[in-house]
Amino acid sequence: MSSTAFQPARPPALSASVILQASGLRKSFRMGESRLEVLERVDLAVRTGEFVAIEGRSGSGKSTLLHILGALDEYDGGTVIFDGQDISRLGSAQRSALRNRQFGFVFQFYHLLPELNVLENTMLAAMIERSWLNFHGHKAQIKARARELLSELGMDQRLRHRPAQLSGGERQRVAIARALMNQPRVLFADEPTGNLDFDTGRQIMAVLERLHRQGNKTIIMVTHDRSLASQADRILVLQNGVLRPAET
Amino acid sequence: MYKLHLILKYLRKRRIAWVSLIAVMLCTAMVLIVISVMGGWLRMFRQTNHGLIGDLILSCRSMDGFSHYEELIGDLRQVPEFEAAAPLIRTGGVINIRNAFHSIVQVVGYDIKDVAKVNNFAQSLYWQPDRLYAKADEYQKQGALEDAAALRAKAKAFPSWDKLFAPDTYRDQLPAAKMDVSQWTGMIVGTNLALPRNPATGQVERPDWVYQYWVHLTVVPSLERAESGLSGSTVIPGWMVDDSHTKVFIVDANTVYLPFDVLQQRLNMDARPYSDKEGHQLTIPARCSEVEVKLKPGSDPYAAKPAIEQIVAKLQQKYPDMVSNEYPVTVENWDQRQSDILEAVEHEKMLLVILFAIISVVAIFLIFCIFFMIVVEKTRDIGIIKSVGATSGGVAAIFLGYGLTIGVIGAGMGLLLGYLVVHNINQLHAWMSQHLGVTVWNAKTYLFDTIPNTMETRDVVVIVTVAILSSVLGAVVPALRAARMNPVEALRWE
């Protein structure tokens, strides 16, 4: 299996600079009359090329934290700085562009579009990034990139299949390929193996690990499984709305 | 790029979208068919009625009509818009065709050459010159040289009251008559009045012998002008020489036309000498019921009307006896003459517009419901697309574009369906009548014996545009809902 598709778009920083930083992050949800404080004061700094696992029990707010870091969700207080830029100050379109070009998401439930086949799902980020004319001008390159990614993930025989025709592990591989399509600088993985059996989960984790080791990809993964979290460079635990290093 | 791609994918894969597509198609086709048929009927009604009576009509309500019409027509030539005018007499009568058919009819006396310049009567005749020449050739081949010559003479004189066949043909019809019946006048009857019809198809048939029918027309002359002082009916004998198909069912079903001078004379409306009390020899001027005026092409009858009214008023001042009682000569535009029917027709048109508006609202609501369902069903997809970087505007554009695509395809299919139905509507109607026993179009009700089968470009453009806009409008609220969706909430949607 070649690893060219997993090569980073830009060479990794020589010094391990902070790419994503959260300070004093707060988030609460209204629960009828009362408010539930999910994130009370979260501080986090992720360095370029780092693989960080955020561990926590179900309902601890780890997915919420991931969504906030990935500019998918709003927060009540604190700051999130990506590459020196406060994302709370960005407009809706700029946040969309950030999700499209700088971030990649892998979800527990894969979240593939059922009407699109494997190749089309993989190319989705590139299709969103480009105009009709631009896409058709670079169609061959974009397709080649998508095929290469899918080939790296062992999905090159399933290009025309639709998600309903794939197993859980195959769907997650396609989701990873889609997340990597625009060569994001940060990959967010939300319980990537949560819906898979043990062996398939290990295969997916192996893919993420390879991305990190060979591609120097910055990965932030949330999980409730300590054995999976232990494959990361650093493990943080989210408990009672506060993030702290895991006890070894 | 992804918007177009997703629109096309959703269109192909989401069967529910086909329901809205079919709804748009059916609504478009239905409105096109209704507007084309009813709008076509309105246009046909106006054109045909206009064609029947020229641009302006000068008439008086008296049965005796008015005099000095020849001088009046001469004076009308001063009006710049004037092109031609023809006097005519309109009265009632009873027709007897060969003792086989009797009916109360409207009797119209035309100077056929003059009237051909004023209205479309000549075009309504069945025996047009090309048909007459073809029939003449047929008779020539059969050796009926005199009949062939009569047919050619009629073709040459078109339009005329001449009989179709040689005089002997007519003499043979009534051998016991003690007069030269071949000298009886020619009469033209409405196509639907007495012509035989094929029992299977209902189509009019015109065997040659139909044009050898004798006709007796009973009319009532003017009482005031009768020499005896008593008014008695008078019978005008004649031959059926042609039939007129104006396409207005009621006109074609109850009108008989004959030469102006024949009717004028039999109604005592011709010029007559008389002596006054001092023994001076004078002439009672000839009279007519109406004068129809044709204006130059492009002229506005309403603009020409005041000048014509002035001429009529001057002449009435000059000849106080121009009208025989309190009814003056009035000038009407063709549409004023038909105002009762035209107003009803205009109301019908308004009803159609309201109907169209209701159909559009129903279509918009239908599309709104379907799109709302699609957006709800696609909530998670919206979250996915947004998580991969789609903007709110992009998501809205997907659903608006989806509505637009459904509108364009649905309206296009509706246009095709509407076109096929409208252009074959008479054949479809005939098939329905024959096989299902369903007759929707009754000529007696709708005045015309064929259903209008043409589409107006303007109507098509308006209907198709409204259909497309309705589809987009139906998608607006669901599209906005999709655009405003929080991506995280959308991803968690179940």
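**Note on a predicted two-chain model**

1. The buried residues of helix H12 in chain B pack against strand E1 (56-59), helix H3 (69-76), strand E12 (290-295), strand E13 (330-333) and helix H13 (334-337) of that chain. The buried positions in H12(B) are Pro301(B), Ala304(B), Lys305(B), Ile308(B), Ile311(B) and Val312(B). The helix covers residues 301-318, 18 residues in total, and spans 25 Å between its first and last C-alpha, close to the 26 Å expected at 1.5 Å a residue. This description, like every other point below, refers to a predicted model.

2. On confidence, chain A has an average pLDDT of 87, and 93% of its residues score at least 70. Residues 8-15 of chain A, however, have a pLDDT below 50, and this stretch makes 8 contacts in the model beyond near neighbours in sequence. Where pLDDT is low, the predicted coordinates should not be read in detail.

3. The overall make-up of the chains can be set out as follows. Chain A contains 8 helices and 10 strands, and 47% of its 248 residues are buried. Chain B contains 20 helices and 13 strands, and 41% of its 494 residues are buried. Of the contacts with a separation of 6 or more, those between residues 24 or more positions apart make up 73% in chain A and 78% in chain B.

4. The contact between the chains involves 24 residues of chain A and 18 residues of chain B. On the chain B side, helix H1 (2-13), helix H15 (379-387) and helix H20 (487-491) each contribute at least two residues. H1(B) gives the most, with 6 residues. By class, the chain B side comprises 10 nonpolar, 5 polar and 3 charged residues.

5. The largest nonpolar core has 125 residues, and the members with the most contacts inside it are Leu69(A), Ala177(A), Phe188(A), Ile220(A), Val24(B) and Phe399(B). Helix H2 (residues 15-53) of chain B gives the most to this core, with 11 residues. Leaving aside residues up to four places away in sequence, Val24(B) touches Ala363(B), Ile406(B), Gly407(B), Gly410(B), Ala411(B), Gly414(B), Ala467(B) and Ser471(B). A second, separate core of 79 residues includes Ile89(B), Ile95(B), Ile112(B) and Ile188(B).

6. Strand E5 (residues 185-190) of chain B has 5 of its 6 residues buried, so it is largely enclosed by the rest of the structure. E5(B) pairs in the parallel sense with strand E7 (residues 234-244) of chain B over 6 bridges. E5(B) is also joined to strand E8 (residues 255-259) of chain B by 2 bridges, in the antiparallel sense. Val189(B) has a bridge partner in each of these strands: Asp243(B) in E7(B) and Val256(B) in E8(B).

7. Tyr110(A) has phi of about 65° and lies in the loop between strand E6 (103-106) and helix H3 (118-129) of chain A. Tyr110(A) counts as buried because 23 C-beta neighbours fall inside 10 Å. Arg98(B) has phi near 55° and belongs to the loop between strand E3 (82-97) and strand E4 (101-110) of chain B. With 14 C-beta neighbours inside 10 Å, Arg98(B) counts as partly exposed.

8. The backbone also contains a cis peptide bond, from Phe158(B) to Pro159(B), with omega near -5°. Pro159(B) is located in the loop between helix H7 (145-156) and helix H8 (167-171) of chain B.

9. Gly298(B) sits in the loop between E12 and H12 of chain B and is exposed, with 6 other C-beta atoms within 10 Å. The C-alpha atoms of Gly298(B) and Glu81(B) are 9.1 Å apart, although 217 residues separate the two in sequence. Cys369(B) is part of helix H14 (residues 339-377) of chain B and is partly exposed, with 14 other C-beta atoms within 10 Å. Between Cys369(B) and Pro478(B), which are 109 residues apart along the chain, the C-alpha separation is 8.8 Å.

Definitions and conventions: Residues are numbered from 1 along each chain as its sequence is written. Chains are lettered from A and ligands numbered from 1 in the order in which they are written. This is a predicted model: local features need pLDDT of at least 70, side-chain atom pairs count only at pLDDT 80 or more; totals for chains, interfaces and linings use all residues. Helices (H or I, at least four residues) and strands (E, at least two) are DSSP runs, numbered from the N terminus. A residue is buried if 20 or more other C-beta atoms lie within 10 Å of its own, exposed if 12 or fewer, and partly exposed in between; C-beta atoms are placed from the backbone. Two residues are in contact if their C-beta atoms, placed from the backbone, lie within 7 Å. Ala, Val, Leu, Ile, Met, Phe, Trp, Tyr, Cys and Pro count as nonpolar, Asp, Glu, Lys and Arg as charged, and the others, Gly among them, as polar. pLDDT is the predictor's confidence in each residue, from 0 to 100. The expected span of a helix is 1.5 Å times one less than its number of residues. A nonpolar core is a set of buried Ala, Val, Leu, Ile, Met, Phe, Trp, Tyr and Cys residues joined through C-beta atoms within 7 Å. Two strands pair if DSSP finds at least two bridges between them.
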